[in-house]
Amino acid sequence: MCQVEEDYRDELESVDVPRYISKKCVKCKEASAAVVIRAGDAYCRVCFKEYFIHKFRAMLGKNRLIFPGEKVLLAVSGGPSSCSMLNQVKEGLSQNAHKKLRFRPGIIYIDEGGAVGQSVEERRRTVAELQGVFRATGFLFYVVPLEQVLNLPSSVVASAPAPPEHLSSAYKAAVDRFIQSDGSSCLTPQDKGQTSLPENPTPVCHHGVCGFTFSVQRTYSMQHLLVHTARTEGYSKLMLGDNCTRLAVKLLTSISLGRGAQLAQDTGFSDSRYGDIISVRPMRDYSAKEIAYYNHLFNVPSVFIPSLDTKTADKASVQRLTESFVIKLQADFPSTVSTIYRTGEKLQTARLSSSTADHCDRCLLCMCALDTAVGECCCNL
């Protein structure tokens, strides 16, 4: 959970949202507004829910990367954004859903309690709380300790052959097969992966250069675990809960850290760096504020789990400093996040020929093509 999500959560815990709004809904023009997303965008409770749900399903429908009947693994951290994503999938698969979702979901939670110094007992309580949320969905779920990254095979850092391009005819064929099966393949059994937490977690240094290196390694270790679990359990897509606010911060942070060549993959809707496993970000059009209000109004459960940067000073890291800068600027200029986000949408990775792409050197941490050749430009506006 990023710092801004914590701040919105703390603010909403003490605020009865509808009581402070006296405007009329901009959509139905009748009911009193329950939430103001931005200046001029005041919605009543019903219209806000319709708006929120429509945006999620429109994002998936517009891109058509997830085929009917396909197995999709939802990465849920317990934070507001990923839990809201989980709620949208659950609602979208319900029997009375309009434009019902058609894929087969599973859930994965990476337990990183050892990295932040939690005891085994604290980690077990957190996992138990999350398991209650997961079981309520009826979806298959997996709980994987971050320590398991030490046992990953070397094949996880090898880009597997990508599946053939999804043509419109192939999508239509998948829809036909789904209809013939009556959609029953979307229903999954509930019982799932077991978690095995180490009794004596290895202490970790989180300070200075050592801390920065560990933070980077932790991020991509979690990514490797997600991809490995998806491969071994037969999933072809990963669904991530990155929202617009987080991606705007990530975009500026990546540029500051010299990762400009990887921006399209790090912040775009889809990420195919692993070849056979494609990551998608259906929450990327939502701001942290929208998600916080939706979760508050409709009682979407989430679990507070401290991370390495929880309650740290603004200058604790480049990431925290960038986040603080963006959020403070957003408070005075409400279009800040959307402007950064829309700029990021224009970024495209330079296309390599198939022969070059298959043999290019890749970073063993992030799995992106190396951009170390002098004079090369891997990212274009």
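Student: How do the residues of the lining of the largest cavity divide into nonpolar, polar and charged?

Tutor: In this predicted model, three are nonpolar, two polar and two charged.

Student: Which residues line the largest cavity?

Tutor: Look for L247, L251, T267, R284, Y341, G344 and E345.

Student: Which elements give two or more residues to that lining?

Tutor: Two helices do: α7, spanning 244–256, and α11, spanning 336–345. The largest share comes from α11, with three residues.

Student: How is such a space found?

Tutor: Start with the general idea. A probe the size of a water molecule is rolled over the atoms, and this shows where empty space is left. Now the case here. The count comes to one cavity of 30 Å³ or more. About 40 Å³ of space lies in the largest cavity.

Student: Now the nonpolar cores. Which members of the largest one touch the most other members?

Tutor: First, the idea: core members are buried, and their side-chain atoms lie within 4.5 Å of one another's in a joined set. Here the largest core has 47 residues. F48, F56, F134 and M239 touch the most other members.

Student: Which helix gives the most to this core?

Tutor: Helix α2, residues 45–63. Eight of its residues belong to the core.

Student: What is F56 in contact with, leaving aside neighbours within four places in sequence?

Tutor: The list is M85, Q88, V89, L101, M239, P282, M283 and Y286.

Key. Residues numbered from 1 in each chain as written. Predicted model: local features only at pLDDT ≥ 70, side-chain atom pairs only at ≥ 80, totals over all residues. Heavy atoms only, no water. Buried < 20%, exposed > 50% of the residue type's maximum accessible area, 1.4 Å probe, protein only. Helix = DSSP H or I, 4+ residues; strand = E, 2+ residues; numbered from the N terminus. Contact = heavy atoms within 4.5 Å. 1 Å grid on protein atoms, 1.4 Å probe; cavity = no way out; pocket = protein on both sides within 12 Å on 5 of 7 lines; lining within 4 Å. Points joined across faces, edges and corners; volume = space filled by probe spheres on them. Nonpolar A, V, L, I, M, F, W, Y, C, P; charged D, E, K, R; others polar.
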